[in-house]
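This report describes the fold of one protein, moving from a single residue to the whole chain. Please keep the sequence and the model in view while reading.

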Amino acid sequence: MTPSPQPPTEPTETFGHIGHPHAGPEPSARPSDGHSDRHSDGHVDPHSGGSSGGNSGSGSGGGSGERPSDRSHDHGHGHSHGHGPAAPVSKHLRKVIAAVLIPFAVAVFVGMVVLWPGGAPGHERTGVGFDRQTQQGVVTSLEQVDCKSVNAAQMPTTETPSAPGGRPAQGGPAGACKKATVEVSSGPDQGRTFVEIVQPGAPRQLEDGQEVVVAYAPDAPRDLQYSVIDVNRKLPIALLAGIFAAAVVLVGRMRGLFALVALVVSFGVLTLFILPAILQGSNPLVVAVVGASAIMLIALYMCHGLTARTSVAVLGTLVSLLLIGLLGSGFIDWAFLSGNTDDNTGLIHGLYPDIDMSGLLLAGVIIGSLGVLDDVTVTQTSAVWELHHADPSMGPRALYRAAIRIGRDHIASVVNTLVLAYAGAALPLLLLFSIANSSMGSVANSELVAEEIVRTLVGSIGLVASVPVTTALAALVVSADRPGSPAGAPATGPVRGRGRRRKR
């Protein structure tokens, strides 16, 4: 059952008197006020004469003749409390939020239109790393052969790790090798076969019938143009993705379905806008800010609805992203981090020398922090709304103190998660430093590790700051909007300690 309609002038009148109640309602309105302040749980609000009750009584005619409608209003109020917190409905407050978010959303849209790349620029294939022509293949036969008989040192082999100095890590092609016949199953040379020698110490062993990824080198001799560079993992990855999607929809239902749609849209923004725009030569920081803002708006509103609660989470996320951008820019420059630290970034810089690699590093910090920021801001906003729903008499300070206690637990877990996530990703690198017996100072000073340290600490500072910022915004909004609630919530004036009149 929906709450009974309010007088047309109530929201604006009530919002205009937040914290400043009227001198007193008309006498005929007092019985109606006392009745409408009765909650479904049996609680009777001791305060009457607040702006909400006064306006409601006088706007509808007041007097004892209105008591039957007041009872239906009470029932509607109890019904709304049973099904979830009442969303803010103050027209003035919604206008204030819209005045902030609509220009921001328009600026993001205009930024995407101006920076839209229209596709990644083409370039000549280098045949190095990921910049190779690849096709699909399948192992059609496999036989055991002696490594010396097939001259394994001269034949195409699956990639093996090398020891320092270029020596094979497993001692060279000694013992029994595997001779794999691979058929190209895609591209212009579909049906063509070639031989791949798998040495005993190779980390990737092939099996008969296995699907593989093959690289094509057009400038090499014909017998060496194709080689196996990886296995085809599309089926297990697709199956795992299907299990993930089914679990999200099964538990989250429609909310989970919208979350999956938002995830697809986010990847679309990343692959169709952010990456091509950076390759086209646009400033990586500007592209990351515009793209991350678009992802934030789409994901939050699609998953959580077009509500004031979501808008507060958007504002908290926006403030935190701004802080992360400022801190990241300052400390990346101060620490002289180039962003060009491995083979992949070196290849990018070689292909597109105009790309600002340090700006690309900062863009990665912003985008990487966005996902966790959404979680923190939405959780804190929901906590404030639920606390207000449980006790509508709580003022903004009480709401902030209660919700910030939840936020402190969230901060501890999220920061620990970030640090462990980055440490896990860099575990092989840290293991190499441990093997070299490097000191912690030397490890932290190296650009590879310093880059991850700055990334982690800047992101963590933004996450920590998002908790009090979002909590304060949510507490102010939900408290300020109380008098405009159609559910007849207690007046804001008496709750804030400024009430003048009590029920007699």
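## A residue in helix 14

T471 is located in helix 14. The model is a predicted one. Is T471 buried or exposed? Its relative accessibility is 0%, and because buried means under 20%, T471 counts as buried. Leaving aside neighbours within four places in sequence, T471 is in contact with Q380, V384, Y400, A403 and I404.

## The course of helix 14

Helix 14 covers residues 447–480, 34 residues in total. From its first C-alpha to its last it reaches 49 Å, which is close to the 50 Å expected at 1.5 Å a residue. Where does helix 14 have a kink? The kink, of about 25 degrees, lies at S466, shortly before the proline P468.

## The nonpolar cores

The largest nonpolar core contains 60 residues. Within this core, F273, I274, V287, M296, V314 and V384 touch the most other members. Two or more residues come from each of helix 5 (91–115), helix 6 (234–279), helix 7 (284–304), helix 8 (308–334), helix 10 (357–390), helix 11 (396–425) and helix 14. Which helix gives the most to this core? Helix 10 does, with eleven residues. In soluble globular proteins, nonpolar side chains tend to be buried together.

With neighbours within four places in sequence left aside, the contacts of F273 are M112, L115, W116, P117, G268, V287, V290 and G291. Another core lies apart from the largest one; it has twelve residues, among them V182, V198, L206 and V212.

## The paired strands

Strand 1 (residues 133–146) pairs with strand 2 (residues 176–184) in the antiparallel sense, over nine bridges.

In strand 4, Y216 is the bridge partner of Q133.

## The protein as a whole

The protein has 15 helices and five strands. Of its 504 residues, 39% count as buried. Its accessible surface comes to about 26400 Å², and 62% of this belongs to carbon and sulfur atoms.

Notes. Residues are numbered from 1 along each chain as its sequence is written. This is a predicted model: local features need pLDDT of at least 70, side-chain atom pairs count only at pLDDT 80 or more; totals for chains, interfaces and linings use all residues. Side-chain values use heavy atoms; hydrogens and water are left out. Helices (H or I, at least four residues) and strands (E, at least two) are DSSP runs, numbered from the N terminus. The expected span of a helix is 1.5 Å times one less than its number of residues. The bend at a residue is the angle between axes fitted to the seven residues ending there and the seven starting there. A nonpolar core is a set of buried Ala, Val, Leu, Ile, Met, Phe, Trp, Tyr and Cys residues joined through side-chain atoms within 4.5 Å. Buried means under 20% relative accessible area, exposed over 50%, partly exposed in between (1.4 Å probe, protein chains only). Contact means heavy atoms within 4.5 Å. Accessible areas come from the Shrake-Rupley method with a 1.4 Å probe; for residues, only the protein chains shown count as cover. Two strands pair if DSSP finds at least two bridges between them.
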